[in-house]
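Q: I would like to go through this structure step by step. Could we start with the terms and then look at the parts?

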Amino acid sequence: MRNQPFRLAMVGGGEGAFIGAVHRAAAALDGDWRLVGGAFSGDPDRNRRSGDMLGIDPDRTYDSLDTLLAGENARPIGDRVDAIAIVTPNHLHAPMAIAALDAGFHVFCEKPMAMSVAESRLIAQAAARSGCQFGLAFTYSGYPLVEEARARVARGDFGRIRLVQVEYSQGWLSQAIDRDGNKQAEWRTDPARAGLGGCLGDIGTHAFHLAEHVSGLCVEELCADLSIHVEGRRLDDDVSVLLRLSGGARGVLKATQVAAGDENGLKLRIHGEHGGLEWSQMEPNTLTLRWLDRPAEMVRAAGPGLSPSTVPRLRTPSGHPEGYIEAFANLYRAFAARIRSGEAAAETAKGGADWCPSIADGLRTMAFVETVIANAAGDSKWTPLAAD
Ligand SMILES: NC(=O)c1ccc[n+]([C@@H]2O[C@H](COP(=O)([O-])OP(=O)(O)OC[C@H]3O[C@@H](n4cnc5c(N)ncnc54)[C@H](O)[C@@H]3O)[C@@H](O)[C@H]2O)c1
């Protein structure tokens with residue numbers, strides 16, 4: 001069992017990027033990871049400046065993933081990078097993940113897993129042949145009270161689940177900022193770099209993953225409507241999906257990036273026969289429970305009554321808010337634990353200390369994207385979402 005921090009390299013996440021800095025803060029939080037190298041940008045000057053700013057040895061600021069893989073594999077084993085975080089736009093996830101896995105490195109990859117189910121399967125094959133771990137950044141499953149919600153549904157507190165309602169409402173793409181130089185908007189609205197879905201791939205996948213993860217149910221069929229509200233945009237910016245889930249539950253998924261004024265409004269409600277729960281990402285330290293036969297309850301992070309699997313996901317006493325970076329850090333910690341245990345992703349139980357989203361989660365969410373697109377473009381009312 002290794003107790004030293006794992007050595008991490010990052011691809012993407014250079015100067016001006018969004019999520020790379022969040023990964024770095026999260027990976028460092030519990031001392032499981034040390035960033036030692038990277039290829040932070042496709043632009044050589046920006047890459048070099050980013051490496052300098054992060055205090056990376058200039059020999060380990062590489063000009064591409066290929067030179068990173070070759071350079072690290074030439075180092076002695078005790079000094080070589082253990083894992084690579086991929087935080088680039090979506091079109092690079094699959095080729096980079098496959099190259100890194102084939103070169104013998106564990107991979108922690110941003111969502112969506114790839115551009116298609118077919119590409120995701122190639123990642124799965126690369127992980128299987130390399131024996132390396134693959135983690136996927138479905139951030140919201142790392143929140144302590146999301147785990148609490150999942151655990152309470154799983155132990156049957158609400159009875160048989162009837163309703164799953166998930167909403168992810170953002171407003172930042174309400175105007176054509178993709179054509180006004182906003183770097184994050186620009187690639188997200190370009191089918192060649194974002195994939196088949198716009199809002200669908202970017203945040204619809206988060207909503208779908210959260211809904212299946214917490215409810216423990218599988219979406220079996222769906223009926224979808226995709227729209228583009230901003231003139232000239234090539235990918236959807238607004239998604240509505242009716243869901244038929246296993247066990248007879250019904251659901252609704254709404255994801256939009258044109259709800260003008262909305263910030264990062266991810267909300268989940270699940271109801272069973274006796275009561276239900278509500279969790280909202282913008283108030284992540286409260287889980288509300290509602291009952292048919294008694295007053296509502298408020299479960300608080302680090303407060304009383306938490307499930308055993310929630311407690312290790314908390315770091316501060318109650319009333320000291322934890323949030324996005326800590327949720328991400330829970331995934332990095334679980335990923336480190338999984339590398340230490342050497343267990344295959346399929347063997348790690350949800351709620352366990354070394355569970356983090358992986359290949360099965362990625363395949364499901366990519367199948368969701370493709371099924372929504374097929375349904376929205378076709379004539380059938382309901383389209384089955386194949387189990388993989
Ligand atoms: N899990 C989450 O909550 C979450 C949140 C935001 C973004 N994301 C995902 O993270 C990824 C990045 O999103 P972002 O908003 O940070 O994008 P961004 O545009 O801010 O950053 C992308 C980075 O990748 C770099 N890059 C591009 N091509 C490269 C190459 N060939 N080699 C090395 N670096 C390269 C860019 O220079 C930039 O530094 C996307 O897949 C997105 O879906 C996930």
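A: Domain bounds here come from an automatic or database domain assignment. This is a predicted model, in which local features need pLDDT of at least 70 and side-chain atom pairs count only at pLDDT 80 or more, while totals for chains, interfaces and linings use all residues. Residues are numbered from 1 along each chain as its sequence is written.

Q: Into which domains is the protein chain divided?
A: The assignment gives domain 1 (6–139) and domain 2 (141–317 + 359–384). Their C-alpha centres lie 27 Å apart.

Q: How many residues of each domain are in contact?
A: On the side of domain 1 there are 20 residues, and they are in contact with 22 residues of domain 2. Two residues are in contact if their C-beta atoms, placed from the backbone, lie within 7 Å.

Q: Which element gives the most to that side of domain 1?
A: Helix H5 does, with five residues. Helices (H or I, at least four residues) and strands (E, at least two) are DSSP runs, numbered from the N terminus.

Q: What kinds of residues make up that side of domain 1?
A: There are 13 nonpolar, six polar and one charged. Ala, Val, Leu, Ile, Met, Phe, Trp, Tyr, Cys and Pro count as nonpolar, Asp, Glu, Lys and Arg as charged, and the others, Gly among them, as polar.

Q: How do the axes of H5 and H11 cross?
A: The axes of H5 and helix H11 (residues 359–377) cross at roughly 170 degrees and come within 9 Å. H5 is therefore roughly antiparallel to H11. Angles over 145 degrees count as roughly antiparallel, under 35 as roughly parallel, 65 to 115 as roughly perpendicular and the rest as oblique. Axes are lines fitted to C-alpha atoms, for helices over the stretch in contact, and angles run from 0 to 180 degrees between N-to-C directions.

Q: Which residues make that contact?
A: H5 contributes Val117, Ser120, Ile123, Ala124 and Ala127, and H11 contributes residues including Ile359, Leu363 and Glu370.

Q: Turning to the sheet, what is the order of its strands?
A: The order is S2-S1-S3-S4-S5, an open sheet of five strands with parallel pairing. Strand S2 (33–39) and strand S5 (134–136) are the edge strands, each pairing on one side only. Two strands pair if DSSP finds at least two bridges between them.

Q: How many bridges join S3 and S4?
A: Strand S3 (residues 83–87) and strand S4 (residues 106–109) pair over four bridges. Ala83 has His106 in S4 as its bridge partner.

Q: Which helix packs on the sheet?
A: Helix H4 (residues 93–102) does, touching strand S1 (6–12), S3, S4 and S5.
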